[in-house]
Amino acid sequence: MTHHETEHKEHTNTGYGIYVLVWLGLVSLTLITVSLAGFNLAGLTVVTALLIASVKSTMVINYFMHIKYESTLFKVFIAVCIIIFLVIIILTFFDLTYRPEILTK
Amino acid sequence: MEAVLNNENFYQYKGKHSGILGWLLTTDHKRIGLMYLAAMITFFVVAMFIGFFMRLELLTPGETLMKPEVYNALFTLHGVIMIFLFIVPGLPAVFGNFFLPIMIGAKDVSFPRLNLLSWYLYMAGAILAVLSLFTGGGLPDTGWTFYVPYSIRSTANVSTALFAAFVLGFSSILTGLNFIVTIHRLRCKGMTWFKMPLFAWGLYSTAWIQILATPVVGITLLLVIFERFFGIGVFDPALGGDPILFQHLFWIYSHPAVYIMILPAMGLVSEIIPTFAKKNIFGYGPIAMSSLAIAFVGYLVWGHHMFTSGISDTSRAIFSLLTFIVAIPSGIKVFNWVATLYKGSIDLRTPLIFVMGFIIVFSIGGLTGLVLGSLNTDIHVTDTYFVVAHFHYVMFGGMGTLFFGGLHYWFPKMFGKMFNEKIANFSVVLFLIGFNVLYFPMFIMGYLGMPRRYYDYLPEFKIYHQISTVGSWILVTAILIMIINLIIALKKGKKADNDPWGGTTLEWKIPSPPPLENFEVEPEVTKGPYERV
Amino acid sequence: MSQIHRDDFGSKMGMWLFLFTELLLFGGMFLLYAAYRFAHPADFVIAAHRLDVTMGTINTIILLTSSLTVVLGIVALQRNSKPLSLFFLGITLLSGVAFLINKYFEWGAKIHHGIYPKGPELANMSEGEGLYFGLYYAMTGLHGVHVIVGMIILAFVFVQIYKNQITSDNFVRFENAGLYWHLVDIIWIFLFPLFYLIH
């Protein structure tokens, strides 16, 4: 494992332009998510909001945080972290969704 | 940057600071490891004596030595010190710090100053924990698990203790961070991932748990502090909070924490066995992968601490199944260790005796874990002495035995002196005897219904408590002999050479004690860590 | 024995690992939010109506813009435009200040109306609403602390760029500080819809 190879890869210097475009995308998505809040989406409210937030975060992570251009190792690390987090939520909800008292409150 | 002069070792190196500052402001991983060691042995002995007095109280039913409130405070303090100040940080902080860089052929860890910060956070946490004894409402009596709502209501000094645990968590996180980057970046020439010693694999898997699990308990403890001061309501049933959610968040860390405790220990076993069997380890790949597997699956089982708390039946069944699955990778390790010993040329020295004891004691602990993981049997033994016995067998018999085993294994390398092996062997055997006399009766009385954390008990349990207390006397004696033997060796021990045990990993190729930057020239590795010939 | 050897990749790796811990720190609170919203869906809607969506949207855009300017600052430095780099970094810091000022007014208004844990108005609300606000203060509060920490780190970077200790050849510290700031932004990206946009 040489340390030298990885250092050369990251110096793909991106220009200003791409970042401004990403920013425009983020602001647009923000305005979209705000206007969607005005509609009654019932059960889909949370999912839609989280979906848009996830898209925004992915853009921040890939471009602003440069992950798109970084070593695969970082992408694997991020995936592991997110998976563990989701697993924890899912397992906890196996308790919450099946506990009758919670739902009747 | 000073070079190694005149074969001086790292103790003799005179850096920017001298005297005590040369230790308190050091960034040398070896000195930091030793500072942890000194602190940890102290805390261990304190907590050990707390346990000694707890057992003394339980020698007879009713009040023997102390009032019930004192007993509650004592078992809380015993747990907090042992878990947060000894077992969780233990092997990574002492032996990981001292030996990880050496074993991978590096001069130090990736972030030496961060390493020193970890030690200061550790000491700060310890001081805060002690502070909770003397300030405000006195020592917390909530148990080390700080369950709500009592931890919200108790007038004792809960917030200080919680904050101490939070600070200690930070220390753990930074150590884990340091080790992950160190292992990725500083392995020497030729040392691919699969030529790395298994202790390093253990530390790597552990480090991921330290990073991903600790923050969860961090926020949980912080929220209890907020609850106490601001009444935010998330855990307080009076405000609509769900106490079971506290338990979920608490155990989401605290279960993986037990793997933080045991994975480095298992890594150490994989070091000691090849050295004393004079044979290459059997199944290097599976052992390495099983460490990662345990680390991952360990996140999925926390609910087994909550089987009787009121969680849904569906989740109980799921957690029970997952708990059985996590036992499999540990089994893989035990089989590989035994296979390594088979047809080996066994040199039964002190470290190997520790390991033999560990395998037996940890297996007992592990098997009883199946009783606890099995939903229907857990209902009967949960919150009894059965659980107390189980976790002492795996945590103390597991990590504790190996902490002292590792101390003996690496003593000559760290201090350049050999200890008296006859006394050491006697102390290990006495330790194992005392350990079993102390803890085995607990399985029986737990099964018969003796609840845990109880200050008083029914007459039918008296005989078990008495045998157990006598066991504690034997155990404490053994540990004191062990420690004193090592302290004497520091002063009077015979000089140790580079490789007193006949080990094959990189630490045995350098002088005892090591020079400041470990290696004169960066090593180059061409074969597996345990290959001979 | 400080290491003079430089390892930018390792340094960045270390920063990412630290970010994971921050993610899981907030993750615990997001889990609590999910649990209580699941249990009290109607109450959460009622409580959310008390928040000012416009204020929240403005704050979101402020943070998104500050993330942009921090990255532009890095690009500027890579291209040896030190004054431009400092300019962008300065905007980032001012954005942080603006965010905190808004937060101050938001919290101030709520507290003035007695809507805070153990507050008089909160006592009149349902348990679900009480839990919503408990989480609101805990989560936005801890987020605010991280905004402050991020600003302090960026301020240090500002000084180091000024003193030429961070240059176009040696800017990993700037990148790492930027990473921390982006994390603060991402947490808010999730906090915003979950607290302000429940309808």
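Trainee: Which residues are buried in helix α2 (residues 41–48) of chain C?

Mentor: A word on the model before the answer. It is predicted: local features need pLDDT of at least 70, side-chain atom pairs count only at pLDDT 80 or more, and totals for chains, interfaces and linings use all residues. Residues are numbered from 1 along each chain as its sequence is written, while chains are lettered from A and ligands numbered from 1 in the order in which they are written.

Now your helix. The buried residues of α2(C) are C:Asp43, C:Phe44, C:Ala47 and C:Ala48. They lie on the same side of α2(C), because they cover an arc of only 130 degrees around the axis. The arc is taken from the directions that run from the helix axis to the C-beta atoms. Buried means 20 or more other C-beta atoms within 10 Å of the residue's own; 12 or fewer is exposed, in between is partly exposed, and C-beta atoms are placed from the backbone.

What do they pack against? The partners of the buried residues of α2(C) are α1 (8–39), α6 (127–162) and α7 (172–196) of chain C. Contact here means that two C-beta atoms, placed from the backbone, lie within 7 Å. Helices (H or I, at least four residues) and strands (E, at least two) are DSSP runs, numbered from the N terminus.

Step back to the whole chain. Chain C has seven helices and zero strands. Its pattern along the sequence is α-α-α-α-α-α-α. The C-alpha trace of chain C spans about 60 × 30 × 30 Å along its principal axes. Of its 199 residues, 55% are buried. Among contacts in chain C with a separation of 6 or more, 74% join residues 24 or more positions apart.

Another helix pair in chain C is worth a look. The axes of α3 (residues 53–78) and α4 (residues 82–112) of chain C come within 8 Å and cross at roughly 160 degrees. Axes are lines fitted to C-alpha atoms, for helices over the stretch in contact; angles run from 0 to 180 degrees between N-to-C directions. So α3(C) and α4(C) are roughly antiparallel. The classes are: under 35 degrees roughly parallel, over 145 roughly antiparallel, 65 to 115 roughly perpendicular, the rest oblique. The contact of α3(C) with α4(C) holds 14 nonpolar, ten polar and two charged residues. Ala, Val, Leu, Ile, Met, Phe, Trp, Tyr, Cys and Pro count as nonpolar, Asp, Glu, Lys and Arg as charged, and the others, Gly among them, as polar.

Return to α1(C), one of the partners of your helix. It also meets chain B. The axes of α8(B) and α1(C) are 8 Å apart and pack at an angle of about 40 degrees. That makes the two helices oblique. On the chain B side, the residues are B:Ile211, B:Leu212, B:Pro215, B:Val216, B:Gly218, B:Ile219 and B:Thr220. On the α1(C) side, they are C:Leu17, C:Phe20, C:Thr21, C:Leu24, C:Leu25, C:Gly27, C:Gly28 and C:Met29. The contact of α8(B) with α1(C) divides into ten nonpolar, five polar and no charged residues.

That pair belongs to a wider interface. Here 36 residues of chain B are in contact with 29 residues of chain C. On the chain B side, α5 (112–134), α7 (158–185), α8 (198–230) and α9 (243–277) each give two or more residues. α8(B) gives the most, with ten residues. By class, this side of chain B has 21 nonpolar, ten polar and five charged residues.

Follow α9(B) further. α9(B) and α10 (residues 284–297) of chain B pack at about 175 degrees, with their axes 11 Å apart. They are therefore roughly antiparallel. From α9(B) come B:Tyr259, B:Leu263, B:Gly267 and B:Ser270. From α10(B) come B:Ile287, B:Ser291, B:Ile294 and B:Ala295. The contact has five nonpolar, three polar and no charged residues.

B:Met266 also sits in α9 of chain B. It counts as buried because it has 30 C-beta neighbours inside 10 Å. Beyond its neighbours within four places in sequence, B:Met266 is in contact with B:Gly202 and B:Lys333.

Last, chain A. It has five helices and zero strands. Buried residues make up 25% of its 105 residues.
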